[in-house]
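Please keep the sequence and the structure at hand while reading.

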Amino acid sequence: MVDSAEGSSPLPLEAEGEPAADASTDFVRQRDILAQAQYLAKIGAWEWDSDSRTLWWSDEVYRILGYQPHEFVPTLDRFVENVHPDDRPELRRNIEAALAGIEDHDVRHRIVWPDGALRYVHERATVIRDGDGRLARMLGTVMDVTEETLLQIERDDALRSLAESEERYRLLAENAWDVIWTMGLDGTVTYVSPSVERVRGLTPAEAAAQTPEQMQPPESL
């Protein structure tokens, strides 16, 4: 198949009174703008033809997979080879479900570049059928979402570490013999450990509701 950057789509109809060169120039400009937009957005386009069983994809799909444009003839098997082995079963299941009309093709998965680098992509596609309902084509996009995915993984790891740290400190506070308490800048008690029941005979809620005068004897206050 021929890439869009080489002019696979038919030229627009020539307007009356305008030379063919103007229409051709306008088409080339629109083609270049589309290619540049895909490059900047890191979104590639692809089309699979049911009758010919051929796959076409734009230059940006090559780049997203870690190759140079037109380095090889695109095929479904060649694309799947670049998908992380653990993600291939879910990708194939999603494609089959989309072709069967069960669900849309909308899946995130990892790809492995030729140098071994791991990338993340988000695929979406729509199935096009003819007047008889027969499968005709499948049109889709593949977007490089590596940066946002790595940021989300980093945030998730940070939240997980924070939760584990909070759990450790909670266990320490709730099982300590001494009373542990925290207070806001306005003087409001925000936490009292359960050990206050052993020391003062009050529940944490009762202790937190007390004023400093009630908490301490006069000589300590």
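**Pockets, cores and selected residues**

The lining of the largest pocket draws at least two residues from each of strand 1 (43–49), strand 2 (54–57), helix 3 (76–81), helix 4 (88–99) and strand 5 (135–144). The model is a predicted one. The protein chain holds 8 helices and 7 strands.

**The chain as a whole**

- Of the 221 residues in the protein chain, 29% count as buried.
- The protein chain exposes about 14500 Å², and carbon and sulfur atoms supply 54% of that area.
- Taking contacts between residues at least 6 apart in sequence, 37% join residues at least 24 apart.

**Largest pocket**

- The volume of the largest pocket is about 310 Å³.
- Its lining is made of 18 residues, and those nearest the centre are W46, W48, L76, I95 and M138.
- Helix 4 gives the largest share of this lining, with 5 residues.
- Sorted by class, the lining of the largest pocket comprises 13 nonpolar, 1 polar and 4 charged residues.

**Second largest pocket**

- The second largest pocket has a volume of about 240 Å³.
- It is lined by 13 residues, with V179, W181, R200, M215 and Q216 closest to its centre.
- Strand 6 (181–183), strand 7 (189–192), helix 6 (196–200) and helix 8 (212–215) each give two or more residues to the lining of the second largest pocket.
- Helix 6 provides the largest share of that lining, 3 residues.
- By class, the lining of the second largest pocket has 11 nonpolar residues, 1 polar residue and 1 charged residue.

**Nonpolar cores**

- The largest nonpolar core has 22 residues, and W46, W57 and L65 are the ones that touch the most other members.
- At least two residues of this core come from each of strand 1, strand 2, helix 2 (59–64), helix 4, strand 3 (105–112), strand 4 (118–129) and strand 5.

- W46 is placed in strand 1.
- Its relative accessible area is 12%, so W46 is buried, the cut-off being under 20%.
- W46 is among the residues nearest the centre of the largest pocket, and W46 also belongs to the largest nonpolar core.
- Between the C-alpha atoms of W46 and W57 the separation is 4.0 Å, while the two residues are 11 apart in sequence.
- Not counting residues up to four places away in sequence, W46 touches L55, W56, W57, H105, E123, R124, A125, M138, L139, G140, T141 and V142.
- One of these contacts, M138, is likewise listed among the residues nearest the centre of the largest pocket.

- V189 counts as buried because its relative accessibility is 12%, and buried means under 20%.
- With neighbours within four places in sequence left aside, V189 is in contact with T182, M183, A208 and M215.
- V189 and T211 are 22 residues apart along the chain, and their C-alpha atoms are separated by 8.8 Å.

**T149: buried in a helix**

- T149 is part of helix 5 (residues 146–175).
- The relative accessibility of T149 is 16%, under the 20% limit, so T149 counts as buried.
- T149 touches R108 and Y120 when residues up to four places away in sequence are not counted.

**Positive phi in loops**

- R53 is not a glycine, yet its phi is positive, about 55°.
- R53 sits in the loop between strand 1 and strand 2.
- With a relative accessible area of 59%, over the 50% cut-off, R53 is exposed.
- H70, also a residue other than glycine, has a positive phi near 65°.
- H70 is in the loop between helix 2 and helix 3.

Technical notes:
Residues are numbered from 1 along each chain as its sequence is written. This is a predicted model: local features need pLDDT of at least 70, side-chain atom pairs count only at pLDDT 80 or more; totals for chains, interfaces and linings use all residues. Side-chain values use heavy atoms; hydrogens and water are left out. On a 1 Å grid over the protein atoms alone, a cavity is a set of points where a 1.4 Å probe fits but cannot get out, and a pocket is an open set with protein on both sides within 12 Å along at least five of seven lines; lining residues have an atom within 4 Å of a point. Grid points are joined across faces, edges and corners, and a volume is the space filled by probe spheres set on the points. Helices (H or I, at least four residues) and strands (E, at least two) are DSSP runs, numbered from the N terminus. Ala, Val, Leu, Ile, Met, Phe, Trp, Tyr, Cys and Pro count as nonpolar, Asp, Glu, Lys and Arg as charged, and the others, Gly among them, as polar. A nonpolar core is a set of buried Ala, Val, Leu, Ile, Met, Phe, Trp, Tyr and Cys residues joined through side-chain atoms within 4.5 Å. Buried means under 20% relative accessible area, exposed over 50%, partly exposed in between (1.4 Å probe, protein chains only). Contact means heavy atoms within 4.5 Å. Accessible areas come from the Shrake-Rupley method with a 1.4 Å probe; for residues, only the protein chains shown count as cover.
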